Amino acid sequence: MLFDTHCHFDPDADIAGEIARARAAGLVGLLAVGGDEAANRGAEIAVSLAPGFAFPAFGFDYQPHNPRRPPRLPAFDSPGGGVFAVGEIGLDYSHGDTAEEKAAQRERFVAQLELAAEKRLPVSLHCREAADDMLAILREHTSPVLMAECRSGALHCFTGPADFAAELLPLGYSFGISGIVTFSGASALRQAVRTLPLDRILVETDSPFLAPVPRRGHRCEPAFVAYTCDRVADELGVDREEFAAVTTRNALRLFAIPSAVAPL
Ligand SMILES: [Zn+2]
């Protein structure tokens with residue numbers, strides 16, 4: 001029993017094939033995550049092909065081609081909901097961004113945190129070289145309701161350090177562990193993972209990126225989340241199947257996925 005909490009679908013790729021292989025690998029569901037127009041459309045297609053298995057998150061991430069003031073997608077206001085998270089959203093200062101570009105990222109990020117709070121939806125967060133600004137913004141804009149339920153969202157592709165996680169835990173966030181944890185040079189990340197409470201650990205692929213060992217260098221897809229989950233279980237010294245069940249339960253609770261998907 002596995003759940004990929006962060007993957008992207010290219011609208012022009014073989015999405016049906018990726019979903020079939022994910023089911024065959026033992027996944028009970030996945031969060032199909034947006035981030036820009038193409039990724040949002042890919043998530044929509046995945047959900048139309050696999051309702052009850054693919055659950056969508058829509059949002060506009062840090063990339064400069066995204067609008068500074070993101071449009072509110074109609075899906076957020078459709079009766080009956082059907083959106084499970086806002087994402088991915090966040091800050092990325094790793095591209096030598098100017099002060100103006102960073103300010104645009106923060107404005108876009110805050111607007112979508114406010115949308116998430118209004119809709120009582122968790123967020124899928126991206127953070128790179130922007131930990132201080134991210135923490136300051138999350139402290140101010142995380143929904144107190146979601147925080148109390150420990151359903152604020154997931155810091156996707158967590159790479160450490162443990163101190164950053166320690167700041168996010170009281171704000172109600174969980175941590176998505178990606179294929180990076182399987183890389184030989186990732187011992188600092190593996191140590192940071194040991195400091196996380198079990199009920200806040202999620203596994204993810206971030207496909208089509210970051211394929212885990214032993215598929216490193218290939219195009220990543222949701223089925224590969226199994227390698228990542230096994231590697232983390234081994235690191236923590238817990239039974240692989242049990243750990244898969246724990247992380248799946250964490251994902252279903254965080255994103256309020258209907259319980260029909262997997263008996264808990
Ligand atoms: Zn992503």
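**Note on the zinc site and the pockets**

1. Along the chain, the donors of the zinc ion follow the spacing H-x1-H-x79-E-x117-D, where donors are N, O and S atoms within 2.8 Å of the metal (3.2 Å for Na, K and Ca), and water is not among the atoms, so sites may look incomplete. H6 lies in strand 1 (residues 2-7) and D206 in the loop between strand 8 (201-203) and helix 8 (225-236), so this pair ties together parts that are 200 residues apart in sequence. Strands (E, at least two residues) and helices (H or I, at least four) are DSSP runs, numbered from the N terminus.

2. This is a predicted model, in which local features need pLDDT of at least 70 and side-chain atom pairs count only at pLDDT 80 or more, while totals for chains, interfaces and linings use all residues. Residues are numbered from 1 along each chain as its sequence is written, and side-chain values use heavy atoms, with hydrogens and water left out.

3. The zinc ion is coordinated at 2.0 to 2.4 Å by H6 (NE2), H8 (NE2), E88 (OE) and D206 (OD). Of these residues, H6 is buried, with a relative accessible area of 0%, and D206 is buried as well, at 9%; buried means under 20% relative accessible area (1.4 Å probe, protein chains only).

4. The largest pocket has a volume of about 560 Å³, and of the 25 residues that line this pocket, the closest to its centre are H8, Y62, E88, D206 and F209. A pocket is an open set of points on a 1 Å grid over the protein atoms alone, where a 1.4 Å probe fits, with protein on both sides within 12 Å along at least five of seven lines, and lining residues have an atom within 4 Å of a point. A volume is the space filled by probe spheres set on the points, which are joined across faces, edges and corners.

Conventions
Buried < 20%, exposed > 50% of the residue type's maximum accessible area, 1.4 Å probe, protein only.
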